[in-house]
Amino acid sequence: MPDVRIRLDHSVTPDDTAALWPVYDAVFADHPSFAAWRERVWDRHTVRGGFRLARAYRESELVGFAYGYIGEPGQWWTDNARRVLAPDVADAWLGGHFELVSLGVLESARRSGIGRELIRALLADLEPGRVLLMATADSTDPARRLYASAGWQVLGPGIGPGTVILGMRTGRAR
Ligand SMILES: CC(C)(COP(=O)(O)OP(=O)(O)OC[C@H]1O[C@@H](n2cnc3c(N)ncnc32)[C@H](O)[C@@H]1OP(=O)(O)O)[C@@H](O)C(=O)NCCC(=O)NCCS
C-alpha cells in the first residue's frame, strides 16, 4: 500500500464532512444531495456513542473511508436487524455491538489493500466484542470477498432483499 496514510478519528468537523461527501457520493451515489445525506444519515451517525471514522489518504487526496458506532436498541438498524435475524442470533449479537456502517474506496484506488487496512484501523483498539455490518447477499461481490478473507461470518438475512448481516468477534471475545 505505497504512499497511503490512514488516520482514525472519533469526531468530525464541518470541513471533514464537506471533504468526505464527494468520496462518499462517488462510491455510493445513494443520496440526492449533500444536504439530504447529512440530514438523513451523517449528522445522526456522527453523534452516536462510539462513533469513529478511518480515512485513507494518497498523498493529500482522500481516497477511502470507513465508519461506525455502537449500535443500541431503539436505533433503526438494531431494531430491524432483530426483526430479521433468528432470535438466538439476535440475542447473542445485538445491543452494544460496533456497527460498521459504511466502507468505501474510490475506484481509482481499489485493489491495493486500502479497504482491508481501513477496517483494520477502524477496529484496531475496539473493546473486545461484537462487530456487525450489512452487505450484499452476492458472495462474489468485492466487499463480500474482503469480509470473507478477514474472517467475517454470515449471521443471517439482512434488512431488505438481496442483503445479509455479517458479524465478527474482536479482541478476547474472538
Ligand atoms: C469493497 C471495497 C471497499 C474494497 O476496497 P479495496 O481497497 O479495493 O479492497 P482491498 O484492496 O483491501 O482488498 C482486500 C481483499 O478483498 C478482496 N477483493 C477486493 N476487491 C476485489 C475484487 N474486485 N475482486 C475480487 N476480490 C476482491 C480480495 O480478497 C482482496 O485481497 P487481495 O487483494 O489480497 O486478493 C471497494 O471495492 C469499494 O469501495 N466498493 C464499493 C463500495 C462497497 O461495496 N462497500 C462495501 C459495502 S458493504
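Colleague: Two strands count as paired once DSSP finds at least two bridges between them. With that in mind, how many bridges join β2 to strand β3?

Modeller: Seven, in this predicted model. The two strands run antiparallel. Strand β3 spans residues 61–71.

Colleague: What do β2 and β3 form, and how many residues lie between them?

Modeller: They form a hairpin, with two residues between the strands. Glu59 sits in the turn and has a positive phi of about 55 degrees. Arg58 has Glu61 as its bridge partner in β3.

Colleague: And the other neighbour? In which sense do strand β1 and β2 pair?

Modeller: Antiparallel again, over six bridges. Strand β1 covers residues 4–9. Val4 stands opposite Arg58 of β2.

Colleague: Is strand β2 mostly covered or mostly open?

Modeller: Mostly covered. Five of the seven residues in β2 (52–58) are buried.

Colleague: Zoom out. What is the strand order in the open sheet?

Modeller: There are seven strands, in the order β1-β2-β3-β4-β5-β7-β6. The pairing is mixed. The edge strands are β1 and β6 (153–157), and each pairs on one side only.

Colleague: By how many degrees are neighbouring strands turned against each other?

Modeller: On average 25 degrees, with direction ignored.

Colleague: Back to β3. How many bridges join β3 to β4?

Modeller: Eight, and that pair is antiparallel too. One example is Gly71, which stands opposite His97 in β4.

Colleague: Now the inside. Which residues touch the most other members of the largest nonpolar core?

Modeller: Phe65, Ala66, Leu100, Leu118, Leu122, Ile165 and Leu166, out of 34 core residues.

Colleague: Which elements each supply at least two residues of this core?

Modeller: The helices are α1 (14–28) and α5 (114–123). The strands are β2, β3, β4 (97–105), β5 (129–136) and β7 (163–170). As a general point, nonpolar side chains tend to be buried together in soluble globular proteins.

Colleague: Take Ala66. Which residues does Ala66 touch?

Modeller: Leaving out residues up to four places away in sequence, Ala66 touches Ala54, Leu100, Ser102, Leu103, Leu118, Ile119 and Leu122. Leu100, Leu118 and Leu122 are also in the list of core residues that touch the most other members.

Colleague: Switching to helices. At what angle do the axes of α1 and helix α2 cross?

Modeller: Roughly 100 degrees, and the axes come within 11 Å. Angles of 65 to 115 degrees count as roughly perpendicular, so α1 is roughly perpendicular to α2.

Colleague: Which residues make the contact?

Modeller: From α1, Thr17, Trp21 and Tyr24. From α2, Phe34, Trp37, Arg38 and Trp42. That contact divides into five nonpolar residues, one polar and one charged.

Colleague: Ala35 is in helix α2 as well. Is Ala35 buried or exposed?

Modeller: Exposed. Ala35 has 10 C-beta neighbours inside 10 Å, and the cut-off for exposed is 12 or fewer.

Colleague: How far apart in space are Ala35 and Gln153?

Modeller: 35 Å, C-alpha to C-alpha. They are 118 residues apart in sequence.

Colleague: Last one. Where does Asp125 lie?

Modeller: In the loop between α5 and β5. Asp125 is exposed, because 10 other C-beta atoms lie within 10 Å.

How values were computed:
Residues numbered from 1 in each chain as written. Predicted model: local features only at pLDDT ≥ 70, side-chain atom pairs only at ≥ 80, totals over all residues. Buried ≥ 20, exposed ≤ 12 C-beta atoms within 10 Å, placed from the backbone. Helix = DSSP H or I, 4+ residues; strand = E, 2+ residues; numbered from the N terminus. Core = buried A, V, L, I, M, F, W, Y, C linked by C-beta atoms within 7 Å. Contact = placed C-beta atoms within 7 Å. Axes fitted to C-alpha atoms, helices over the stretch in contact; angles between N-to-C directions. Parallel < 35°, antiparallel > 145°, perpendicular 65-115°, else oblique. Nonpolar A, V, L, I, M, F, W, Y, C, P; charged D, E, K, R; others polar.
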